[in-house]
Amino acid sequence: MDSAPAERRRSWVRLKEYSMLAALLVVPERWRARAFFELRGDRSRLTEKSSYRNMGYWKDDPGSLDEASEALADLLGEAAGLGPEGTVLDVGCGFAEQDLRWLERFAPRKIVGLDLMPSQVEAGRRRMARLGLTDRIDLRVGSATSLPFGPGSFDQVVALECALHFVTREDFFREARRVLRPQGTLALVDPVTTGGNSGIHGYLERALGAIPRANAYSTEVYADKLRQCGFEDVRVRSLRDEVYGGFARYLSRRLDDPEVTGRMNAALLMIWRQWVQAWQATTTDQAAYAGNQDYILVVATAPGQKP
């Protein structure tokens, strides 16, 4: 049987995938996140059962990225103080996997999820409809830096590993403060790159990760920007050791699984392998690595008095 047509199709798919990667280098920053998440479509997921899209929390040695991602969602929900009386805005909700977890564990009155990607929002809506949860989890398409809600609409605003992509993160902080009720809580888990890598290497790192240049700063500057946007009681906790190491070890195994390599975007597969190699190369000098990269849990309070 002639395999040439099938091989030509595979070659065409690979060319398209690498073209999508190259597009990250040339598209304007405001469009880069959309291109990045198109590249990370469902066929390129790293989880085995769920639709989570985060690096996971590996402190208690979970057995899979699904479990680690759920643990990270739990950590963020606890830090945000989610509970039965709250109305929650989940910015960058993706497929809303964490919203289902938060509803199950913390039972907030309502969760509104907002995401830039219509395809992910639509997939999440279909799932909520099947589960009969559309009155409790309301998913919408929208921008993190222009929130389509009035002042004082929410008790908590949360963002699970996505604020680094917002153009800009500081604009999101201002919008989050606007839509929070007095004494409401902003809680995020967020990778941090300080911009220590300059020149072409720094540009490639930011472009391929869809990280705007304006979002490259230290954890100290991160906290200062929150205060400048009016937040109080800003608390920052490094999760680097509980996130990056476990995720790298998981990836080093997962990326050799034929089930993954057979379906994953070839360009994304290359990026993840390079990320693992970079982490492994720096484990002998973690202090230097920590100088350029971190992963943080951030909690801040909106000003004012509760009614």
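The structure is a predicted model. The protein chain contains twelve helices and seven strands. Its radius of gyration is 19 Å, close to the 19 Å that the globule rule gives for 307 residues, so the chain is as compact as a globular protein of that length. The C-alpha trace spans about 75 × 45 × 40 Å along the principal axes of the chain.

Of the 307 residues in the protein chain, 51% are buried. Among contacts with a separation of 6 or more, 75% are made by residues 24 or more positions apart. Charged side chains comprise 42 positive and 41 negative groups. The centres of these two sets are 4 Å apart.

Glutamine 120 was examined individually. This residue lies in helix 5, which covers residues 118–131. The relative accessibility of glutamine 120 is 8%, and the residue counts as buried because this value falls under the 20% cut-off. When neighbours within four places in sequence are left aside, glutamine 120 is in contact with Phe37, Gly94, Phe95 and Asp115.

How values were computed:
Residues numbered from 1 in each chain as written. Predicted model: local features only at pLDDT ≥ 70, side-chain atom pairs only at ≥ 80, totals over all residues. Heavy atoms only, no water. Helix = DSSP H or I, 4+ residues; strand = E, 2+ residues; numbered from the N terminus. Rg over C-alpha atoms; globule rule 2.2 N^0.38 Å. Buried < 20%, exposed > 50% of the residue type's maximum accessible area, 1.4 Å probe, protein only. Contact = heavy atoms within 4.5 Å. Lys, Arg positive; Asp, Glu negative; His and termini not counted. Charge placed at Lys NZ, Arg CZ, Asp CG, Glu CD.
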